Amino acid sequence: MHILFIFFYLALLVSVLISCCFFQKKCKHLKQLAFQDHITQGFNITAFCQEYEKKVLQSPPHTYTIVFMNMKNFKWINEKYGSSMGDQILINLYHILKSQIGDEEFLCRDNSDCFFLCLKEHDPHTIGQRLSSMIEHMNHYSQKTTFEYTFYLGVYLIDDLTINARIAMDRSRIACYQKEAVNFCYFYKKKLSMRLNKEYELNQLFETSLYNHEFQLYFQPKIKLNDHSIVGLEILVRWQHPSLGMIAPSEFIPLFEKSNKICQLDLFVFEQVCKYLHDCQQKQKPIYPISVNLSRIHFKKSNFLEAFSRIKRKYGIPDKWIEFELTEYTFLIRNSEKP
């Protein structure tokens, strides 16, 4: 009986030990899933944020900096050489970046081809030098693969310890939105965030404003110099918002060109002009040729004129009554976008 008790105790002990080992392995696996990037095997976003709380928030202000590195043309590498090659490149770049940072600094891969770095630096010149050196090291490696790595770089000098890691990372990403040049550091400024918020607001208001006819047309006469007679009209568009007031074209035209909403606006303006001409025809009012601005964005589609042609036929407007006005800039951009 005593022997049976010993065997039962030993079996129970072995069972507990096996369960503990299994539990430890399971915990380790869960920890890897929670904190480890599945491609680089380094920090993921969650681990990066945790490290931010431990290091950055426990340091004085103006000690650390967040850098967002967005690789240019990585999708082309995946397309041309396959995702396996793309993953291997990300792994190699991660290890190169890790070798270039100190013990109190850390990094992670964001989704796809982006990296976040947290550097113990606060001097813009020093940060620029360090990032240039990192890119140089990456391109030294790329000589073996014939790729040249270029990045859009957004930098947030951490001066506010009341914000969490996600907001700090977003600020570096916002700075990167200025990406007009590769391998050049763009630093976060509050006015940039304010501008992006304003752009977001205007984009959100566009559909409702278009429906409510808040985009108003003004007719600017074209005058013949020798006798001052009117030979035509040019259409100017102004946005009269009920709560924001008059919004300048310099604010909304470039914005809507970026979001492609300008095409909708141009079609709206064109239809209003056709309605006006049709009304003049019905009431036998004087009719002058009208110039309508056409954005360069339309030229991305080869059949863009069909929509304008349908509107013109709908109102029975002869060709001679409307002309499109294009700037030289339109053709310069169009040529520069050719491969």
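Select Asp110 and Arg173 in this predicted model, where their side chains meet in a salt bridge with N to O at 3.0 Å (a side-chain nitrogen of Lys or Arg within 4 Å of a carboxyl oxygen of Asp or Glu). The pair links distant parts of the chain, 63 residues apart, with Asp110 in the loop between β2 and β3 and Arg173 in helix α6, residues 165-176 (helices are DSSP runs of H or I of at least four residues, strands runs of E of at least two, numbered from the N terminus). Asp110 is buried at 8% relative accessible area, whereas Arg173 is partly exposed at 23% (buried means under 20%, exposed over 50%, partly exposed in between, with a 1.4 Å probe and protein chains only).

Residues are numbered from 1 along each chain as its sequence is written. Local features need pLDDT of at least 70 and side-chain atom pairs count only at pLDDT 80 or more, while totals for chains, interfaces and linings use all residues, and side-chain values use heavy atoms, without hydrogens and water.

Next, select Asp37 and Arg109, which form a salt bridge whose closest N and O atoms are 3.0 Å apart. Here Asp37 lies in the loop between α1 (2-35) and α2 (45-55), and Arg109, 72 residues away, in strand β2; Asp37 and Arg109 are both buried.

Then select Glu199 and Lys258, whose side chains meet in a salt bridge at 3.5 Å, N to O. Glu199 belongs to helix α7 (residues 190-211) and Lys258 to helix α8 (residues 249-259); Glu199 is buried at 16% relative accessibility, but Lys258 is exposed at 59%.
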